Amino acid sequence: MNNFEPIVVIGAGLAGLVTALSLAPRPVILLAPAKIGEAAASAWAQGGIAAAVGPDDSVASHAADTIAAGDGLCDPDAVARITGAGPTAIAALREYGVEFDLDKAGNLALGLEAAHSHRRIVHAGGDSSGREVVRALGVRAAASEHIEFRPNHTARRILTRDGEVSGLVVDTPHGQFVIPARQIVIATGGVGGLYLSTTNPLSATGSGLALAARAGAVMADMEFVQFHPTALNVGLDPMPLVSEAVRGEGAILIDETGTRFMAGVPRKELAPRDVVSRNVWRQLMAGHQVFLDARSCLGPRFAVRFPAITALCNAGGIDPTMQPIPIRPAVHYHMGGIATDEHGRTSLPGLWACGEAACTGLHGANRLASNSLLEAAVMGRAVAEDIGKVSPPRRLPVLVEDAPPVESAHKVRPIMEEFVGVLRDREGLTSAVEQLAPMAGYSDPALVGWMIAASALAREESRGAQARIDFPAHLPGPAQRNLMRLDDMHLRFLPPSVVQARGA
């Protein structure tokens with residue numbers, strides 16, 4: 001055995017799999033709490049991957065749509081870099097064996113989703129894009145000799161020595177162990193499991209964000225939680241998603257009387273997600289029921305174009321070809337996360353992050369539909385390329401540290417649902433902060449919820465997915481990021497100009 005440590009990648013969704021595969025031939029330990037794809041939100045993605053691959057499309061148009069949806073908070077350089085890499089990312093995924101849907105001419109079939117100006121959503125299996133992508137990459141990863149996959153392993157604490165990453169405390173079926181590691185990649189996904197209404201796996205409680213925060217990494221824009229406007233409202237937990245692509249095919253939003261309440265809103269049902277979610281929420285708060293009606297635009301074709309959604313609706317007693325689909329907003333994606341630079345480096349040397357766990361600046365205050373899988377694919381490769389430029393570090397002695405028992409999110413979910421939801425105000429956010437703070441020292445879900453609520457309280461404006469009833473407008477001047485670091489269980493907000501990445 002040599003003196004060089006494997007690179008540890010935490011998370012086996014799209015971002016983690018692309019990172020692990022792209023690191024070849026460097027040895028990789030790939031950790032996940034379940035089998036490949038089973039606990040990953042990537043596998044649940046329906047719509048697809050946004051990329052400017054159509055003959056009438058352009059990277060500039062994709063970038064412009066991304067910036068418009070981000071409501072003033074996107075990093076233009078990150079947007080240009082990631083959208084520009086879209087066509088190459090699609091080609092790479094096809095080389096990995098992903099079978100995207102094709103049209104009759106044999107070209108990529110492209111869907112339209114909200115706030116996109118062109119058809120640019122590359123999809124697979126109609127509405128099973130994430131499942132197909134994770135399947136193909138999982139097969140490739142299982143056959144890759146440089147990857148050692150360890151299922152049923154949960155990362156609990158990042159260990160540091162002299163201000164750098166030195167190891168990882170991991171819960172396994174055989175007890176708690178320490179993996180010596182000086183290069184760690186967090187690709188653990190989002191935070192939907194912190195809410196009662198979510199389309200995410202319930203295990204998505206921001207575990208990677210807690211790992212990074214407790215190790216001292218800078219966090220960014222934690223307040224921006226995206227609520228998808230059309231989750232299937234039939235009493236399931238988590239709530240099945242009814243993809244944006246259904247509205248892209250012409251489905252409309254109506255109340256119980258058949259009134260189309262989005263008719264007077266710019267871009268109607270294809271407005272950005274935050275706009276649609278707030279309009280749906282206001283209808284619900286006014287006592288209405290809300291439905292997605294695809295009967296006229298698709299009718300019997302619904303089952304052909306959206307077989308997975310059809311099955312989900314049927315399981316809930318709904319026939320989408322004949323009935324409007326009951327829906328409501330639910331937490332779907334987190335734009336905030338671990339602050340990273342263009343290479344995926346965090347502020348903690350030896351720690352990288354990619355996918356939903358990272359905050360690259362691509363999404364700003366509101367993610368454009370189907371940009372999430374794009375970012376995961378592009379930044380997973382970018383992280384691997386950056387690590388490849390660093391000489392493999394030699395093993396260092398590890399100072400062993402125990403992690404406390406895992407805390408579930410059951411105490412956190414009702415707090416986040418009630419006070420840190422679609423519409424927010426000072427009183428509710430203050431209540432959330434006060435209830436979560438005492439639990440944050442020992443509970444990772446409470447820590448992440450606390451950071452989200454505190455950041456939302458600190459941003460005294462409405463922007464993108466952050467809607468403050470008491471501050472309904474933008475603050476004057478350029479939008480500012482919220483950066484924070486956890487110091488001795490105190491949240492310290494940092495100047496927007498702080499240097500986020502200190503190198504590897």
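In helix H6, the buried residues are Gly 208, Leu 209, Ala 210, Leu 211, Ala 212 and Ala 213. H6 runs over residues 207-214 and is mostly covered, with six of its eight residues buried. After H6 comes Gly 216, whose phi is positive, near 100°. The model is a predicted one.

Now step back to the whole chain. The protein holds 14 helices and 20 strands. Its radius of gyration is 21 Å, close to the 23 Å that the globule rule gives for 504 residues, so the protein is as compact as a globular protein of that length. Taken along the principal axes, the C-alpha atoms fill a box of roughly 65 × 55 × 45 Å. Of the 504 residues, 61% count as buried.

Contacts tell how the chain is joined up. Take the contacts between residues at least 6 apart in sequence: 71% of them join residues at least 24 apart.

The surface comes next. The protein exposes about 18,800 Å². Carbon and sulfur atoms supply 54% of that area. As for charge, there are 44 positive and 51 negative side chains. The centres of these two sets lie 2 Å apart.

The largest nonpolar core has 85 residues, and Ile 186 and Ile 452 touch the most other members. Helix H14, residues 444-458, gives the most to this core, with nine residues. A second, separate core has 52 residues, including Leu 23, Ala 32, Leu 108 and Met 379.

Look closely at Ile 186.

Ala 32 belongs to the second core. Ala 32 sits in the loop between E2 and strand E3, which spans 49-50. Is Ala 32 buried or exposed? At 5% relative accessibility, Ala 32 counts as buried, because buried means under 20% relative accessible area. Leaving aside neighbours within four places in sequence, Ala 32 is in contact with Ala 12, Phe 149, Arg 150, Pro 151, Asn 152 and His 153. Gly 13 is 19 residues from Ala 32 along the chain, and their C-alpha atoms are separated by 9.0 Å.

Two cis peptide bonds can be picked out here. One joins Ala 24 and Pro 25, with omega about 10°. Pro 25 lies in the loop between helix H1 (14-22) and strand E2 (28-31). Another cis bond runs from Asp 237 to Pro 238, where omega is near 0°. Pro 238 has its place in the loop between strand E12 (225-232) and helix H7 (244-248).

Positive phi values come next. Asp 71 is not a glycine, yet its phi is positive, near 55°. Asp 71 is in the loop between helix H2 (59-69) and helix H3 (76-84). Its relative accessibility is 22%, so Asp 71 counts as partly exposed. Asp 221 is also not a glycine, and has a positive phi of about 50°. The loop that holds Asp 221 lies between strand E11 (219-220) and E12. How is Asp 221 classed at 3% relative accessibility? Asp 221 counts as buried.

Pro 414 has its place in helix H12, residues 413-419. At 36% relative accessibility, Pro 414 counts as partly exposed. Pro 414 and Ala 432 are 18 residues apart in sequence, and 9.9 Å apart in space from C-alpha to C-alpha. Val 139 lies in helix H5, residues 129-142. Val 139 is exposed, with a relative accessible area of 52%. Tyr 96 is 43 residues from Val 139 along the chain, and the C-alpha atoms of the two are separated by 9.0 Å.

Technical notes
Residues are numbered from 1 along each chain as its sequence is written. This is a predicted model: local features need pLDDT of at least 70, side-chain atom pairs count only at pLDDT 80 or more; totals for chains, interfaces and linings use all residues. Side-chain values use heavy atoms; hydrogens and water are left out. Helices (H or I, at least four residues) and strands (E, at least two) are DSSP runs, numbered from the N terminus. The radius of gyration is taken over C-alpha atoms; the globule rule is 2.2 Å times the number of residues to the power 0.38. Buried means under 20% relative accessible area, exposed over 50%, partly exposed in between (1.4 Å probe, protein chains only). Contact means heavy atoms within 4.5 Å. Accessible areas come from the Shrake-Rupley method with a 1.4 Å probe; for residues, only the protein chains shown count as cover. Lys and Arg count as positive and Asp and Glu as negative; His and the chain ends are not counted. The place of a charge is taken as NZ of Lys, CZ of Arg, CG of Asp or CD of Glu. A nonpolar core is a set of buried Ala, Val, Leu, Ile, Met, Phe, Trp, Tyr and Cys residues joined through side-chain atoms within 4.5 Å.
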